[in-house]
Amino acid sequence: MQERGCLLPFIVILLVTVILSSGCERFQKEQASSPSVDFFAMNTFVSFSSDQATGSDFREIQTLVADIEKIFSANLKESELYALNHSKSMSVSTECAHILERATKIAEQTDGCFNPCLGNITTLWDVTGNKYVPSDKEIAAAFAYTAFDGYTVSDSVVTKKNKETLLDLGAAIKGYTAERVMALCKEKGITSAMINIGGNVGVLGNAPKKTDGWQIGIRNPFYPDTLAGYVNCKDTVISVSGAYERYFEKDGIRYHHIFDGATGMPAESGLAGTVVIAKDGLVADALSTALFVMGKEKALAFYNDSEFEFEAILFSSDGNVTVTDGLQEKFMLFQGAKFADNQPLVLET
Ligand code: AMP
Ligand code: MG
């Protein structure tokens, strides 16, 4: 996880949201009352709530998140990924090997729009740290190590083509963790829970006192203190990516944290934000980033052809909102949600 700093997650549990639309006050109140634990991990805010969990459940969930971070963090010196980033080849845990294999597959299928080997670029830009625009020469130098197929995995031994290549799983591991937390809840007999890991939300069963899953507020990428709408979902992971999440501005230009592996520059694809919903948390998270890089047309073609099971909401920079077939009945855009002064977001049909 290459990200630093704490930012408002795009998806929010509704109780902590500034509610500007009266339409969402009702379900905010209904879903807001469960006991919860809030902590900082994976360089972001984590919030878990369940009215069925005990104190020891809360502690176990916190430990699970910390254990996953100890494998996949690019920043923690004791992590496996950190060691791998400083080696050419090394033996890793089965879990690490498995996730790296799956990351390669998603990278291949998305044509590198999700790229687990982009660490040299994300480190160079260091969007929430240095706030410095690298030169073309620096980008070209980093770029030499960022081919998305920059490593192989065999019998849990990971070998990088270049020792200098830095892996960064910050675009995928929070969604994976959300799914793992939901799985742990199920093992413990918990049937209703929600976890939010920096905008990657896992929901299990039904919200308290509800029979039809959860209503998850979707942040408006154009006015991130407000909601654009909500989506109904159950037993799934919802991941978001947005240009407004982590960025800095220099000479009037915004440089954000999602990079186009083809250029080494912040992706400019005509999208302001993406939401991906999938049972598979790694897929949800990796694809939220990949679709953002692809842009709307490619993302919709990918949705139609891909072997991955997912649904998506795409916020275009011109204020159009596109939802995939499986969300037509499940996503509600709030009346009055805007993309610019006095101009409403428009749901494409
Ligand atoms: P997300 O918020 O899930 O879209 O992930 C963004 C984070 O993933 C960034 O802060 C980088 O650490 C990393 N990243 C940026 N661009 C990419 C990309 N195209 N593929 C994979 N990881 C990326
Ligand atoms: Mg992602």
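This is a predicted model: local features need pLDDT of at least 70, side-chain atom pairs count only at pLDDT 80 or more; totals for chains, interfaces and linings use all residues.
Biologist: Which residues coordinate the magnesium ion (ligand 2)?
Modeller: Donors are N, O and S atoms within 2.8 Å of the metal (3.2 Å for Na, K and Ca); water is not among the atoms, so sites may look incomplete. Here the donors are A171 (O), D285 (O), D285 (OD) and T289 (OG1), at 2.1 to 2.5 Å. Their spacing along the chain is A-x113-D-x3-T. Helices (H or I, at least four residues) and strands (E, at least two) are DSSP runs, numbered from the N terminus.

Biologist: Is D285 buried or exposed?
Modeller: Buried means under 20% relative accessible area, exposed over 50%, partly exposed in between (1.4 Å probe, protein chains only). D285 counts as buried, at 3%.

Biologist: Where is S306?
Modeller: S306 sits in the loop between α9 (296-305) and β17 (311-316). S306 is buried, at 17% relative accessible area. A polar atom of the S306 side chain lies 2.8 Å from the backbone nitrogen of F308.

Biologist: How many residues does helix α4 have, and what span is expected?
Modeller: The expected span is 1.5 Å times one less than the number of residues. Helix α4 (residues 94-109) has 16 residues and reaches 23 Å from first C-alpha to last, close to the expected 22 Å. Its buried residues include C96, I99, L100 and I106. Contact means heavy atoms within 4.5 Å. The cover over the buried residues of α4 includes α2 (55-72), α3 (80-85), β5 (151-154), β6, α7 and α8. Just after α4, D111 takes a positive phi of about 60°.

Biologist: Why is strand β9 called largely enclosed?
Modeller: In a regular strand the side chains alternate between the two faces of the sheet. Six of the six residues of β9 (residues 214-219) are buried, so the rest of the structure largely encloses β9. W214, I216 and I218 are on one side; Q215, G217 and R219 are on the other.

Biologist: Which strand does β9 pair with?
Modeller: Strands of a sheet pair through backbone hydrogen bonds, either parallel or antiparallel. The criterion is at least two DSSP bridges between two strands. Six bridges join β9 to β10 (residues 227-233), antiparallel. W214 stands opposite C233 in β10. Strands β12 (residues 247-250) and β13 (residues 253-256) are also antiparallel, with four bridges. In their hairpin, with two residues between the strands, D251 takes a positive phi near 45°.

Biologist: What is the strand order of the open sheet of nine strands?
Modeller: The order is β2-β3-β7-β8-β11-β16-β17-β18-β22, with mixed pairing. The edge strands are β2 (36-41) and β22 (346-347). Helix α2 packs on the sheet, touching β2, β3 and β7, at about 20° to β2. Axes are lines fitted to C-alpha atoms, for helices over the stretch in contact, with angles from 0 to 180 degrees between N-to-C directions. Helix α9 lies across β16 (271-278), β17 and β18 (320-323), at about 170° to β17.

Definitions and conventions. Residues are numbered from 1 along each chain as its sequence is written. Chains are lettered from A and ligands numbered from 1 in the order in which they are written. Side-chain values use heavy atoms; hydrogens and water are left out. A polar contact is a pair of N or O atoms within 3.5 Å; within protein, one must be able to donate a hydrogen and the other to accept it, and residues adjacent in sequence count only if both atoms are side-chain atoms.
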